[in-house]
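Please examine the sequence and the model shown below.

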Amino acid sequence: MMKFLCGMLVLLPLLAMIPAEAAEKAIWRKEKLTYQGMPREYWVYVPASARVKDARPALVLMLHGGGGRADRFDALVKNRLKPLADRDGAILVYPQAYKRQWNDGRGVASIPAHVENIDDVGFIDALIRKMEGAYPIDPRRIYAGGISNGGMMSARLACELSGKIAAVALVASAIPERLTRRCQPSSPVSMLMISGTDDPLVPFAGGQVRVGRQDRGAVLSASESALYWAGQLGFNRDLHPVRRTVLPEMNPGDGTRVTKTIYPGSDGSVVVLYVIEGGGHTWPQGQPYLPAWIVGRVSQELDGTQAVWTFFQGQPRP
């Protein structure tokens, strides 16, 4: 008994030195939200660092690609988002699309979410409001990003939820041509784009998205997407010169090179375009989810996850 008491006397000061949040565990679970009578699923990750006293966590929504699943997004980015959320005290949300496809505005006859006109903008809006009701979310730091169909959906959110979203990220994606006909953001939303020149699904030069022999709606080219959105932000080439940089090689011989172009907007908003020469329909330094002959090359010259995260952290709403 005496040994036990002595041991506790030694241990108690050490326990007092451990921050309260370290004693807690991160929350990682699937939840449901009924929107317009339809149960919608999403996964949420709330690190202990987001639940400390006086925390005002950022909210980061990451949208899977067409045919994907919310619970597999982490595997795509090699489980690198959660450690960043732990470090910065941000909350991650991975929504699930209706029948695995987002209604991103392309109007494709073969995609049920498009044919049935599923209100994914309203669903994401309701999801943000639910998260704001559950946690003290910083309203200036709400972000959305995704790959492919998820990136196009993020572009639609920038058009139609600009009053809430601070910045978006489009990876292996572009702005749907049809979306530009009715896009009228009420507030500036910064945009990051990562596009591969050898993307076999979302054409770098613009035109029809193709899956096999099926056309899946037209998109702007990567450069047209960047310039179009920069125009929404008040970009003026005479007043705000474009800054273009060829990034140094990180992995010589991987078959890709990266160029970064910055289009400054007003009020600190910005469009950043990473062009990956030789890159495919993939997440840079991510998991090759299909063979290269189907989706193209995964670039090792850019840390896509870090690029998206750093961009978000530097783009709070004014």
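A disulfide is a pair of cysteine sulfur atoms within 2.5 Å. Such a link is a covalent bond between the sulfur atoms of two cysteines. The model shown here is predicted, and a search of the whole structure finds 1 disulfide. Its partners are Cys 159 and Cys 183, whose sulfur atoms lie 2.0 Å apart. The angle about the S-S bond is -100°, and the link of Cys 159 and Cys 183 is left-handed. Cys 159 belongs to helix 6 (residues 149–160), whereas Cys 183 lies in the loop between strand 6 (167–171) and strand 7 (190–196), so the pair ties together parts that are 24 residues apart in sequence. Both Cys 159 and Cys 183 are buried.

Helix 5 (residues 120–134) consists of 15 residues and reaches 21 Å from its first C-alpha to its last, close to the 21 Å expected at 1.5 Å a residue. Among the buried residues of helix 5 are Val 121, Phe 123, Ile 124, Leu 127, Ile 128 and Met 131.

Finally, consider Leu 84, which is placed in helix 3 (residues 81–88). Leu 84 counts as buried because its relative accessibility is 8%, and buried means under 20%. When its neighbours within four places in sequence are left aside, Leu 84 is in contact with Thr 305, Gln 306 and Trp 309.

Note on methods. Residues numbered from 1 in each chain as written. Predicted model: local features only at pLDDT ≥ 70, side-chain atom pairs only at ≥ 80, totals over all residues. Heavy atoms only, no water. Helix = DSSP H or I, 4+ residues; strand = E, 2+ residues; numbered from the N terminus. Buried < 20%, exposed > 50% of the residue type's maximum accessible area, 1.4 Å probe, protein only. Contact = heavy atoms within 4.5 Å. Expected span 1.5 Å × (residues − 1).
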